[in-house]
Amino acid sequence: MNASSVLGIATGPASDIYNVALTAHILFAIAGFGSVMLNGVYLTKARRLLGPHGRAVSEVNYSVSAIAEVLILLVPVSGFALVWVSAGSWELSSTWLSASSALFLVAFVISRAVLRPGHRRINQLFGSLEGEPSDEQTTLAEIDRQLRTNAIAGAALNVLLVVILALMIWKPGA
């Protein structure tokens, strides 16, 4: 195997396999990140609706976000595939790829440690408002606290996405 083929398939930035991987990479990014970029809007709407309608909005948003998470995880997979079929044009040690990978890991940890559990908790709290009588004011205050936490985490993720996107476009150190 030489530097311009992988498994007998021509590689490099002008090759068909590279363009297929690039298309997949971009589609995964659009579908994944696009699906979660406005999660805060959905949760704000759910908070305004309350009751079964608010809970439904929040639960549907949570389900769609779970699908988006799979697509988002395919973004770095397809990105590494791009490096593999780039015929040496890109190296994992490049500044822009190393920084993008590190920032993606930070974003993934924020999502899994803060955002997803927080959203799950919001859904539970919405459910408790429909169940047995409880202290509604305390529950609403806890929903509001969790919404603020999720808003901060979501804003941080959006900033990280913009930085990663800038690194992908300008490729510092390439």
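Which residues does Ser-78 touch, not counting residues up to four places away in sequence? Let us find out in the first view, keeping in mind that the model is predicted.

**View 1. Ser-78 and its neighbours.** Find Ser-78 in helix H3. Leaving aside residues up to four places away in sequence, Ser-78 touches Ala-21, Ala-24, His-25 and Phe-28. Is Ser-78 buried or exposed? Its relative accessibility is 7%, so Ser-78 counts as buried, the cut-off being under 20%.

**View 2. The whole chain, before we zoom in further.** The protein chain holds 5 helices and 2 strands. Starting at the N terminus, the order of its elements is β-β-α-α-α-α-α. The C-alpha trace spans about 70 × 25 × 20 Å along its principal axes. The radius of gyration of the chain is 20 Å, whereas a compact globule of 174 residues would have one near 16 Å. Of the 174 residues, 33% are buried. The chain exposes about 10000 Å², and 69% of that comes from carbon and sulfur atoms. Take the contacts between residues at least 6 apart in sequence: 75% of them join residues at least 24 apart.

View 3. Helix H1 has 21 residues. From its first C-alpha to its last, H1 reaches 30 Å, close to the 30 Å expected at 1.5 Å a residue. Which residues of H1 are buried? They are Tyr-18, Ala-21, His-25, Gly-32 and Phe-33. Looking down the axis of H1, you would see these buried residues fall within an arc of 85 degrees, so they line one face of the helix. Asp-16, Val-20, Leu-27, Ile-30 and Gly-34 are exposed on the other side of H1. The cover over the buried residues of H1 includes H3, H4 and helix H5 (136–170).

**View 4. The largest nonpolar core.** Now pick out 9 residues: Tyr-18, Ala-21, Leu-82, Val-83, Val-85, Trp-90, Trp-96, Leu-97 and Leu-167 form the largest nonpolar core. Which elements give two or more residues to this core? Helix H1 (16–36), helix H3 (51–84) and helix H4 (95–130) do. Leu-82 is a handy member to follow: apart from residues up to four places away in sequence, Leu-82 touches Tyr-18, Ala-21, Leu-22, His-25 and Trp-90. Another core, of 8 residues, lies apart from the largest one and includes Leu-43, Ala-46, Leu-140 and Leu-147.

**View 5. Ile-122 in helix H4.** Ile-122 sits in helix H4. Its relative accessible area is 0%, so Ile-122 is buried. What does Ile-122 touch, not counting residues up to four places away in sequence? Its contacts are Leu-43, Ser-58, Gln-146, Leu-147 and Asn-150.

**View 6. Ser-63, another serine of helix H3.** Like Ser-78, Ser-63 lies in helix H3. With a relative accessible area of 43%, Ser-63 is partly exposed, while Ser-78 is buried. How many residues apart in sequence are Ser-63 and Gln-124? They are 61 residues apart in sequence, and 14 Å separates them in space, C-alpha to C-alpha.

Note on methods
Residues numbered from 1 in each chain as written. Predicted model: local features only at pLDDT ≥ 70, side-chain atom pairs only at ≥ 80, totals over all residues. Heavy atoms only, no water. Core = buried A, V, L, I, M, F, W, Y, C linked by side-chain atoms within 4.5 Å. Buried < 20%, exposed > 50% of the residue type's maximum accessible area, 1.4 Å probe, protein only. Helix = DSSP H or I, 4+ residues; strand = E, 2+ residues; numbered from the N terminus. Contact = heavy atoms within 4.5 Å. Expected span 1.5 Å × (residues − 1). Arc of directions from axis to C-beta. Rg over C-alpha atoms; globule rule 2.2 N^0.38 Å. Areas by Shrake-Rupley, 256 points an atom, 1.4 Å probe, with all protein chains shown as cover.
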